[in-house]
Amino acid sequence: MKMMKSSKQYVRLEKSFYEQNTITVAQRLLGCILIHKVPEGLISGMIVETEAYMGVDDKAAHSYQGKHTPRMDPLYKRGGYAYIYQLHGYNYCLNVVTEKENQPRAVLIRALEPIQGLELMARRRNIKLTADDMKTADKISKKLKNMTNGPSKLCQALGIDTSLNGVDLLGNELYIITGEDLNDRMMATPRINISYAEEYQYEPWRFIIKGNSFLSRLYKIESK
DNA sequence: CCAACGATGGGT
DNA sequence: CCCATCGTTGGA
């Protein structure tokens, strides 16, 4: 786990960040820290895997060809809102809305490296952490990795569900701050589980921090 | 009204 | 590979 260095300035991401091109946002979110403020305290993690969904032009996007249903309203707002939807009855996915109003593009947050609120995460994920699991000097335990290494796992760990759909990331409940500059470790790959998207399934719009231990399970091979 | 479906995760 | 499980969606 990365420890917060007190010497470093952590700055909240603002409107101008989210209003950039979606690919740029997806790349620059790597290394940033997602924070959910809950009554018990802060739960946070460093973003290590993202995917860009390019809106009306992208066959993998919910908003392909301008599709717009009530639950997608946040997607059509200006950059900086959360778009959260439920999947298969019991999973949630968190997206960061990008670009200008009526440009329905977003970045899916696919994996985090835990930072704060380990006990709260473990409770929400039904994972029992032992003292050994907390020793991170050499090897990171399997249970620790399993906390936030997938888009729905991280939502469960941070307590994110559709009650937060449409929340403004410029507010104080759910927000993102600058973290480490890890762009030299960035790698692009095709996106996951979108075979229905025909030729768009091959677009290299997934971004990872190469070698990070918390990438989603299908692509551990990339941690070399 | 109602049936089909899914930007997942877990197990085989 | 298979499939659980339920809110959203869109077509009767």
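Author: Start at the end of the helix: α6 is followed by Gly-159, whose phi is positive, near 75 degrees. The model is predicted, so local features need pLDDT of at least 70 and side-chain atom pairs count only at pLDDT 80 or more, while totals for chains, interfaces and linings use all residues. Residues are numbered from 1 along each chain as its sequence is written, chains are lettered from A and ligands numbered from 1 in the order in which they are written, and side-chain values use heavy atoms, with hydrogens and water left out.

Helix α6 itself covers residues 151–158, and six of its eight residues are buried. Buried means under 20% relative accessible area, exposed means over 50%, and partly exposed lies in between, with a 1.4 Å probe and protein chains only. The buried residues of α6 are Pro-151, Ser-152, Leu-154, Cys-155, Ala-157 and Leu-158. Their cover includes the strands β1 (33–38), β2 (41–53), β4 and β5, as well as helix α3 (118–125). Contact means heavy atoms within 4.5 Å.

Strand β4, part of that cover, spans residues 91–98 and contains Asn-95. Asn-95 has 5% relative accessibility, so this residue counts as buried. Apart from residues up to four places away in sequence, Asn-95 touches Tyr-81, Ala-82, Tyr-83, Tyr-85, Ala-106, Val-107 and Leu-108.

Between β4 and β5 (105–116) is a loop, and Pro-104 is found there. Pro-104 is buried because its relative accessibility is 3%. Its contacts, neighbours within four places in sequence aside, are Gly-55, Val-56, Ser-63, Leu-75 and Tyr-76. The C-alpha atoms of Pro-104 and Tyr-76 are 4.7 Å apart, although the two residues are 28 residues apart along the chain.

Next come the nonpolar cores. A nonpolar core is a set of buried Ala, Val, Leu, Ile, Met, Phe, Trp, Tyr and Cys residues joined through side-chain atoms within 4.5 Å. The largest one has 55 residues, and Leu-29, Leu-34, Leu-94, Ile-160, Leu-174 and Ile-176 touch the most other members. A second, separate core has 15 residues, including Ala-61, Leu-75, Tyr-83 and Val-97. In soluble globular proteins, nonpolar side chains tend to be buried together.

For contrast, take Ser-16, placed in helix α1 (residues 15–18). Its relative accessibility is 57%, so Ser-16 counts as exposed.

Finally, the whole chain. Chain A has six helices and eight strands, in the order α-α-β-β-β-β-β-α-α-α-α-β-β-β along the sequence. Its radius of gyration is 16 Å, close to the 17 Å that the globule rule gives for 224 residues, so chain A is as compact as a globular protein of that length. That radius is taken over C-alpha atoms, and the rule is 2.2 Å times the number of residues to the power 0.38. Of the 224 residues in chain A, 50% are buried. Among contacts between residues at least 6 apart in sequence, 64% join residues at least 24 apart.

Definitions and conventions: Helix = DSSP H or I, 4+ residues; strand = E, 2+ residues; numbered from the N terminus.
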